[in-house]
Amino acid sequence: MRKNARLLTASLAALGLFAAACGGDDGGSTSSEAPASSDAPASSDAPAADGFIAGIAFDTGGRGDGTFNDSAALGGECAAEATGAEIKELEANVDEDRKANLELLVEGGAKVIVGVGFMFTDPMGEVAAANPDVSFGIVDSVVEADNVSSLVFAEEQGSFLVGAAAALKSESGTIGFIGGQEIDLIKKFEAGYTAGAKYINPDIVVEVAYLGPAGDNSAWGNVDGAKEIAAGWYAAGADIIYTAAGGSGAGTIQAAIEADAWAIGVDSDQYLTSGDPEAQKHILTSMLKRVDVAVCETIKAVAGGDTSGGFKVFDLSNDGVGYATSGGYVDDIAAQLDEIKAAIIAGEIEVPTAP
Amino acid sequence: MNRQKLQRVLVTSASSVLAIIVALVICAVILLITGKDPVKAYSTLFGAAGETKVLQGMLNRATPLMISAAAVAIGFKMNLFNIGVEGQMRVALLSTAVIGGAVNLPAPLHIAFCFVVAMATGALWSGIAGWLKVKRNVNEVISTIMLNFIALSVVAWSFDTFFRLDKEGESTSLLVKTKDLPRSAWFPDLVDRRLNGMLIVAIVILILFWVLVWKTKFGFQLRASGANSGAARATGVNPKRMIFISMLISGALAGLVGMRALMGDVHAYQNNLAEQQGFNGIAVALLGRNHPVGIFFSALLFGFLGEASGRLQLEDIPKEIVTIMTGIIVLAVVIINEAVKRWDDRRIQRRAAAMVEAAS
């Protein structure tokens, strides 16, 4: 009996682990009840043929992060409204899902499919080559194929602006940056933010921390981890913290509320996506990465018959990145920020892409 | 096969099937509660089983799960709980990509060389936990969990610092990898880009696992130590040696888990490669009751559910429901197996008692 009891305990422990392993991205569960985009009104300004289907393939983080993926989902809704397209969405659980999901969308009749995240690079290259009559779009990466639009963002430029905003608004002279996984993509955010802050105040102290090493997916949904770091920094005198870590950013906002300090959002306008009046008092601004625009434009272009694909950079010059003004907390420094923005566009300020 | 053994096999299989049916019923209730149509969900699910592509995908997904479940099961046989398969796999992935990519050998030799590197690295990593257990009596559950974290960080750091390949002028690509493995180290496909030949390796591993555990002296000692360590020690089995060796074997198998992804698919190391396959092996081993045949079928079930997940999502059933279903199946199997086992034990006891009574 004792052995059985041990085995049962072990089994339950394993189940717990299994559940934990599977639940790593449970940030996605909150908003899976989002309205089905398929019944979006067909008030089309670029009318597509009836039954035009567009697919969006999300990566393992998935919808509900309030930042990156939700921005892509918004892009799908925007395209549905504009063209009457039916949007089919698929989310990956594991490695093998990426290619399988792209293929499922092709089979489902999608004429344009957007992969959200650079992990789709290889699978999309393969599926795009096998399906030359379908158009594809990939966010954050480059796939060299005629039927693929590569949608790349200059996150460092937008981050430079919110870094400058942080330096202008900081009273303590200490600000912070919390990243998700320590990967090249997130280092671009860090590099721009630090450079922007130092551009305003060369003596400013910028604390930097990452929630996990490359490959640690929990870093995108680690609300507690972000909150702990942020609370520590606020207590030690930092007054503004920028978080580029998907769903984890909610932790920074919570810490900012408790410490009565500022948080800076990422990708989406988190003042709007949080929807919580308490949080809104503490979101200074957000670095906007207009994934929604990229996704919406890509689908609209194909719906309108333009299947040219190609390399598309979203930066300050085309408002592909920027900063949010909701709440009006940065209105007083908007003139300075816009000056910096113009200087970056003109090439007078060079923004680094790596710290 | 004698009658008793046959009965046992029947009881085991029947309880697994019963567990799956119970799980499906519970899931139907959950679907109803969440406002989804269970009939539609299940017809999508079972309809997918008729598609060749789905079956290929199922086998392809099942391949690493079979190997990682075997790695977990060999520990289980000894009451050792190796949760570190994920970390052992990750360390082996990077070392194989780097060392395997640095040599040039004819194809079969090169593949064999890569396997040896992967197994050696996996065994090295699990050996740390084995050594700690034997020398310092550190609980292997704790040490392997910690070693998973360490593996993730060490691999991420050393990949980023030493082994990543930055192609010139391609600073825009955020997907970084190691140098590609030479073609001679690529594991061939059975069906081009759909089903990799590692499936055969996985099946051979399951057969060898069966032979090792049930047909050798080592296997007997292993099972004896697991069933009753005191009695095993009394018959001259060295428990420390058994613990250390089974941890090494477990780690060596864990090293091979990621090879389908590395040698058969991506052909280079990248972050997130083969992620979760080590963890999922724990559930597959539990569901398969640590027996090669059970592992084979439960790996197929997991592979199938994974393959069906996308189709269910298209039917407006959130992917989380599929994860919940998988969890419920495992839970149902564990509970029902335990219940059936107790019922079976009591039945045998009653019969024995009746025989004793009749004899007296």
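Where in chain A does A:Asp319 lie?

Analyst: The model shown here is a predicted one. In chain A, A:Asp319 sits in the loop that runs between β11 (310-314) and β12 (321-323). Its phi is near 55°, which is a positive value in a residue other than glycine. With 13 other C-beta atoms within 10 Å, A:Asp319 is partly exposed, because a residue counts as exposed at 12 or fewer such atoms and as buried at 20 or more.

Now for the chain around this loop. Chain A contains twelve helices and twelve strands. Of its 355 residues, 61% count as buried. Among the contacts in chain A with a separation of 6 or more, 72% are between residues 24 or more positions apart.

Chain A is divided into domain 1 (45-153 + 292-317) and domain 2 (156-289 + 325-345). The centres of these two domains of chain A, taken over C-alpha atoms, are 28 Å from each other. Where they meet, domain 1 of chain A brings 14 residues to the contact and domain 2 of chain A brings 18 residues. On the domain 1 side, helix α2 (residues 68-83) of chain A gives the most, with three residues. By class, that side of domain 1 has four nonpolar, six polar and four charged residues.

One helix pair of chain A can be described in detail. Two packed helices are described by the angle between their axes and the distance between the axes. For helix α7 (residues 223-235) and helix α8 (residues 249-259) of chain A, the angle is about 35° and the axes are 7 Å apart. The crossing of α7(A) and α8(A) is right-handed. The residues of α7(A) that take part include A:Val223, A:Gly225, A:Ala226, A:Ala230 and A:Tyr234, and among those they meet in α8(A) are A:Gly249, A:Gly251, A:Ala255 and A:Ala259. Sorted by class, this contact of α7(A) with α8(A) has ten nonpolar, five polar and three charged residues.

The other chain comes next. In all, 44 residues of chain B are in contact with 42 residues of chain A. Several helices of chain B each supply at least two residues of the side that touches chain A: α3 (52-76), α6 (140-163), α11 (259-266), α12 (277-287), α13 (292-314) and α14 (319-359). The largest share of that side, eight residues, comes from α14(B). The residues of the side of chain B that touches chain A divide into 20 nonpolar, 14 polar and ten charged.

By class, the contact of α3(B) with α13(B) has 15 nonpolar, three polar and two charged residues.

Helix α3 of chain B also holds B:Asn60. B:Asn60 is buried, with 26 other C-beta atoms within 10 Å. Leaving aside residues up to four places away in sequence, B:Asn60 touches B:Arg194, B:Leu195 and B:Asn196. B:Asn60 and B:Ala97 are 37 residues apart in sequence, and from C-alpha to C-alpha they are 21 Å apart in space.

Another helix on the list, α6(B), has its own buried residues, among them B:Glu140, B:Ser143, B:Leu147, B:Ala151, B:Val155 and B:Phe159. The buried residues of α6(B) pack against α4 (85-102) and α5 (107-136) of chain B.

B:Asn272 lies in the loop between α11 and α12 of chain B. Its phi is near 75°, again a positive value in a residue other than glycine. B:Asn272 is partly exposed, with 17 other C-beta atoms within 10 Å, while A:Asp319 is partly exposed with 13.

Key. Residues are numbered from 1 along each chain as its sequence is written. Chains are lettered from A and ligands numbered from 1 in the order in which they are written. This is a predicted model: local features need pLDDT of at least 70, side-chain atom pairs count only at pLDDT 80 or more; totals for chains, interfaces and linings use all residues. Two residues are in contact if their C-beta atoms, placed from the backbone, lie within 7 Å. Helices (H or I, at least four residues) and strands (E, at least two) are DSSP runs, numbered from the N terminus. Ala, Val, Leu, Ile, Met, Phe, Trp, Tyr, Cys and Pro count as nonpolar, Asp, Glu, Lys and Arg as charged, and the others, Gly among them, as polar. Domain bounds come from an automatic or database domain assignment. Axes are lines fitted to C-alpha atoms, for helices over the stretch in contact, and angles run from 0 to 180 degrees between N-to-C directions. A crossing is left-handed if the near helix is turned anticlockwise from the far one by less than a right angle, and right-handed if clockwise.
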